[in-house]
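Please look over the structure shown here before reading on.

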Amino acid sequence: MKQAVIDIGSNSMRLTVYETTPPQIFRVLFKEKIMAGLAGYVEHNALSPDGIERAILGLLSFRATLSALDIKAVAVFATASLRNVKNTDQAVAAIQRATGYPIEVISGEEEAAFGYAGAMQELDLTDGLFVDIGGASTEVVRFTGGVMESANSCPVGSLKLYRDFVRKILPNKEAIHHMEKAITMATLGVVERPVRQGLPLVCVGGTARAALKLAKRVCRLPETSNSITIGQLERVCQELCASQKQAADLILKIEPERIHTMIPGLLILRHMVQGFGAGRVIVSQYGVREGYLCQKILKAS
C-alpha cells in the first residue's frame, strides 16, 4: 500500500510517500520539502499566528499533492517546531482544524529513537553514535551491540542559532564564538559522557546531507561517498569560516537554501565530532520519517 508521512520540523516541513509491504519493507516513491522556517516564527517562546499560518499552508500544499495522487493513508508528526513552544496545544488545535490532519507531537527522546531506527534501515552498524541536527534541537543516541543505550535531545539547532546570534545572513567571527559557547552549554551532560574513542558518528537530516555535499566539493570526494573523515570536516569548516564572501560563494553553489543555517549547523556537527572523539561521519539518507514509519505504522499494522 501507499503510505505518506509528513514531518513538521523547525526548519523544514517534509512529505515522503512510501510503497510498503508488511512487516517492515518500504520503498520511497517521492519526496517534497517546504523550507517553512518555523523556528523563526517563535516569539516569547510561543509559535506566532504567522508561524501557525505558515504550518497550515505547508500542510495544505502537501494535502493537495496527496489528493491529486489519491493517497489517503497519511500520518503527520511534529518535532521541536511544536514541542518546544509554550502554546503547543493551541497551535496544534489550530493547525488540525484548518487542515483536517491529526498531528502527533513527539518527544525529543522519541525523535532521537525514530531517527536512529530510520538510519539503521540503511546502515549495518552495531556500535556508534547517532546525531540528528535540526532547526531547533539536536538529537543524540548511543548504541552498542545494535541496541540503543541512550537517547537525548539537546535544545540547540541550526535555525535557532542563526536567529539568536547572527545579525545578517552569514555570521562574523564574534557570532561564531557566541554560537560555539551556546552549543557547549546546550549539550552539557550529553557530549561529555565517557565514550570509546573513534566510533562512527551517524548523521541524518538536512545539515548532514549538505555537509556531505560541501565535503564532496571542497575535498573532491567521489559522488558515491556517504562518509566524511574528521580532517575533511575540519577543512570544510575552515573554508566556510575563513571569510564571509568565500562562504557565501560556496554555499550558494552547493546548497543555496541553507545559506543562513549552514555554518550554525556545521558548528554543531563539529562540536559533536570533537566532543565524542568520533572516527568519521557517516551520512544516512534515511532518518526520523523512516523510523516513524517502521516503529509506529508498520509495526502496528
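Strand β8 (residues 128–133) and strand β11 run parallel to each other and pair over 4 bridges. Two strands pair if DSSP finds at least two bridges between them. Helices (H or I, at least four residues) and strands (E, at least two) are DSSP runs, numbered from the N terminus. This is a predicted model, in which local features need pLDDT of at least 70 and side-chain atom pairs count only at pLDDT 80 or more, while totals for chains, interfaces and linings use all residues. Residues are numbered from 1 along each chain as its sequence is written, and side-chain values use heavy atoms, with hydrogens and water left out.

**The strand β11**

Val131 stands opposite Cys203 in β11. β11 also pairs with strand β13 (residues 280–283), again in the parallel sense and over 4 bridges. There, Leu201 stands opposite Val281 in β13.

How many residues of β11 are buried? In β11 (residues 200–204), 5 of its 5 residues are buried. Buried means under 20% relative accessible area, exposed means over 50%, and partly exposed lies in between (1.4 Å probe, protein chains only). Pro200, Val202 and Val204 point one way from the strand. Leu201 and Cys203 point the other way. In a regular strand the side chains alternate between the two faces of the sheet.

**The nonpolar cores**

A nonpolar core is a set of buried Ala, Val, Leu, Ile, Met, Phe, Trp, Tyr and Cys residues joined through side-chain atoms within 4.5 Å. The largest one has 55 residues. Which of its residues touch the most other members? They are Leu201, Leu240, Leu266 and Leu269. Helix α10 (residues 262–276) gives the largest share of this core, 9 residues.

Take Leu269 as an example. Setting aside neighbours within four places in sequence, Leu269 is in contact (heavy atoms within 4.5 Å) with Ile133, Leu201, Cys203, Ala211, Leu233 and Val281. A second, separate core holds 28 residues, including Met13, Ile56, Leu59 and Tyr101. In soluble globular proteins, nonpolar side chains tend to be buried together.

**The salt bridges**

A salt bridge is a side-chain nitrogen of Lys or Arg within 4 Å of a carboxyl oxygen of Asp or Glu. The count comes to 13 salt bridges. The table shows three of them.

| Pair | Closest N to O |
|---|---|
| Glu19 and Lys2 | 3.6 Å |
| Glu104 and Lys296 | 3.1 Å |

Start with Glu19 and Lys2, which form a salt bridge. Glu19 lies in strand β2 (residues 13–21) and Lys2 in strand β1 (residues 2–8), so this pair ties together parts that are 17 residues apart in sequence. Glu19 is partly exposed, at 24% relative accessible area. Lys2 is partly exposed too, at 42%.

Arg289 is in helix α11 (residues 288–298) and Asp7 in strand β1, 282 residues apart. Are these two buried or exposed? Arg289 is buried, at 9% relative accessibility. Asp7 is buried as well, at 7%.

Then there is the salt bridge of Glu104 and Lys296. Glu104 sits in strand β7 (residues 103–105) and Lys296 in helix α11, so this pair ties together parts that are 192 residues apart in sequence. Glu104 is partly exposed, at 25% relative accessibility. Lys296 is partly exposed, at 36%.

Salt bridges can also link up. Arg83, Glu111 and Glu139 are linked in a network of them. Lys245 lies 106 residues from Glu139 in sequence and 31 Å from Glu139 in space, C-alpha to C-alpha. Lys245 is found in helix α9 (residues 244–254). Lys245 counts as exposed, at 61% relative accessibility.

**The cysteines**

A disulfide is a covalent bond between the sulfur atoms of two cysteines. Here the cut-off is a pair of cysteine sulfur atoms within 2.5 Å. How many disulfides does a search of the whole structure find? The search finds 0. Cys154 is in no disulfide, and the nearest cysteine sulfur, that of Cys203, is 13 Å away. Cys154 is buried, at 1% relative accessibility.

Cys219 counts as buried, at 14% relative accessibility.
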